[in-house]
Amino acid sequence: MINEPALALRHQRSRELNQRIAEMLVGLQHKQPRADFAMRAASLAHEHHSGFLRLMDSEHFASAAALLRPIVEASMIAYWVSYAASKE
């Protein structure tokens, strides 16, 4: 259990956001390959974030911190494919 009140509050907010995103991703499919790829990258970021939360719950803080980079990378790929990549 996280004992620091500010960190515990952020952890709870993160868990709530993770749950809302999970609900949004259920059954979401795109017919366009570009949108589908972006959705899959976002889904991967969500999966990493779920693991991050579980590791924080079990107080494996270093292992949780190791997931931060993959979370950011998958999120940035989803963003880049959606908004910055060329249409080709």
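Contact here means heavy atoms within 4.5 Å. This is a predicted model, where local features need pLDDT of at least 70, side-chain atom pairs count only at pLDDT 80 or more, and totals for chains, interfaces and linings use all residues. Residues are numbered from 1 along each chain as its sequence is written, and side-chain values use heavy atoms, with hydrogens and water left out.

I'll start with Ala-64. Leaving aside residues up to four places away in sequence, Ala-64 touches Phe-52, Leu-55 and Met-56.

Next, the core. A nonpolar core is a set of buried Ala, Val, Leu, Ile, Met, Phe, Trp, Tyr and Cys residues joined through side-chain atoms within 4.5 Å; buried is under 20% relative accessible area, exposed over 50%, partly exposed in between, with a 1.4 Å probe and protein chains only. The largest one has seven residues: Ile-2, Phe-52, Leu-53, Met-56, Ala-64, Leu-67 and Ile-71. Helix 2 (residues 33-57) gives the largest share, three residues. Helices are DSSP runs of H or I, at least four residues, numbered from the N terminus.

Now the aromatics. Which rings pair up? The whole structure has one aromatic pair. Tyr-79 and Tyr-83 have ring centres 4.9 Å apart and planes at 45°, so the pair is tilted. The cut-offs are centres within 6.5 Å, with planes under 30 degrees apart stacked, over 60 edge-to-face and the rest tilted. Both tyrosines, Tyr-79 and Tyr-83, sit in helix 4 (residues 68-83), four residues apart, about one turn of the helix. Tyr-79 is partly exposed at 49% relative accessible area, while Tyr-83 counts as exposed at 65%.

Key
Rings of Phe, Tyr and Trp (its six-membered ring) pair if their centres lie within 6.5 Å; planes under 30 degrees apart count as stacked, over 60 as edge-to-face and the rest as tilted. Helices (H or I, at least four residues) and strands (E, at least two) are DSSP runs, numbered from the N terminus.
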